[in-house]
Amino acid sequence: MSTPQRLIGHRIRSRITRWQTTFPYHWDADEFVSRRQMLRLTILSSGALFAATAGVVGLNYARPIKTTTSRKAIISASALPVGKVHYFEYPAPGDQAILLNLPHTGFVAYSGKCTHLSCAVYYREDENRLICPCHDGVFDPQTGIPIAGPPQRPLPKITVKQDGTMLYALDERPQS
Ligand code: FES
């Protein structure tokens with residue numbers, strides 16, 4: 001590289017601080033990066049990524065699921081035949097919840113948020129199971145208890161009460 005080019009390169013580099021570079025070697029020095037340095041950088045990056053992922057998983061397990069109480073109309077009882085599902089939002093807008101009308105059991109409702117990593121759970125009528133597609137988690141629709149896959153905790157249960165023709169959600173409680 002000629003002297004003027006080196007000078008321009010030096011000026012550009014001097015404006016970029018070391019922490020701003022994702023890979024702390026400049027173009028003209030990349031041939032000096034040893035395999036060992038490259039490996040060290042790769043291991044450090046992988047370690048940081050692993051630690052961040054473990055932190056997210058740990059937070060999900062450590063965060064207590066609280067009981068929420070608020071009365072909210074869901075749907076008319078006659079609008080949900082036996083064996084069918086109705087998705088609604090409870091306790092807050094955007095919180096997915098599932099109402100089922102099960103044979104012999106009647107109306108049951110759960111939080112629609114998987115207890116593994118919070119993906120949306122849905123009901124498969126043909127298998128009579130609550131499924132989480134993210135990691136193939138499966139919950140028993142009668143109880144909300146996990147029966148397959150990584151989830152360890154049951155789905156929080158929503159108390160449902162029929163008042164006249166209308167079904168109401170009263171509260172959402174964690175199950176042990
Ligand atoms: S988020 Fe549901 S099984 Fe992983």
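Author: A disulfide is taken here as a pair of cysteine sulfur atoms within 2.5 Å. The model is a predicted one, in which local features need pLDDT of at least 70 and side-chain atom pairs count only at pLDDT 80 or more, while totals for chains, interfaces and linings use all residues. Residues are numbered from 1 along each chain as its sequence is written, and side-chain values use heavy atoms, with hydrogens and water left out.

By that criterion the structure holds one disulfide. It links Cys119 with Cys134, at an S to S distance of 1.9 Å. The torsion about the S-S bond is -95°, which makes the link of Cys119 and Cys134 left-handed. To place the two ends, one needs the secondary structure: helices (H or I, at least four residues) and strands (E, at least two) are DSSP runs, numbered from the N terminus.

Cys119, at 19%, counts as buried, whereas Cys134, at 40%, is partly exposed. Two further cysteines may be mentioned: Cys114 is buried, with a relative accessible area of 4%, and Cys132 is likewise buried, at 2%.

A salt bridge is a side-chain nitrogen of Lys or Arg within 4 Å of a carboxyl oxygen of Asp or Glu, and a search of the whole structure finds five of them. One of these pairs Lys84 with Glu125, the closest N and O atoms lying 3.0 Å apart. Lys84 is in the loop between strand 1 (68-76) and strand 2 (85-89), and Glu125 is in the loop between strand 5 (122-124) and strand 6 (129-132), so this bridge ties together parts that are 41 residues apart in sequence. Lys84 is partly exposed at 36% relative accessibility, as is Glu125 at 39%.

Another salt bridge joins the side chains of Arg124 and Glu127, with 3.7 Å from N to O. Arg124 is partly exposed at 30%, and Glu127 is partly exposed at 40%. A further pair is Arg173 and Asp171, whose closest N and O atoms are 3.2 Å apart.

Asn101 is a residue of strand 3 (residues 96-102) and is buried, with a relative accessible area of 7%. Contact means heavy atoms within 4.5 Å; beyond its neighbours within four places in sequence, Asn101 is in contact with Leu80, Pro81, Val82, Gly83, Lys84, Gly106 and Phe107.

Two strands pair if DSSP finds at least two bridges between them. Strand 10 (residues 166-173) pairs with strand 1 in the antiparallel sense over six bridges, and with strand 9 (residues 157-163) in the antiparallel sense over seven bridges. Leu167 of strand 10 takes part in both pairings: this residue is the bridge partner of Ile75 and also of Gln162. Strands 9 and 10 form a hairpin with two residues between them, and Gly164 in the turn has a positive phi of about 70°.

The chain as a whole contains two helices and 10 strands, and along the sequence they follow the pattern α-α-β-β-β-β-β-β-β-β-β-β. Of its 176 residues, 26% count as buried. Among contacts between residues at least 6 apart in sequence, 44% join residues at least 24 apart. Accessible areas come from the Shrake-Rupley method with a 1.4 Å probe, and for residues only the protein chains shown count as cover; the accessible surface of the chain comes to about 11,600 Å², of which 59% belongs to carbon and sulfur atoms.

Definitions and conventions:
Buried means under 20% relative accessible area, exposed over 50%, partly exposed in between (1.4 Å probe, protein chains only).
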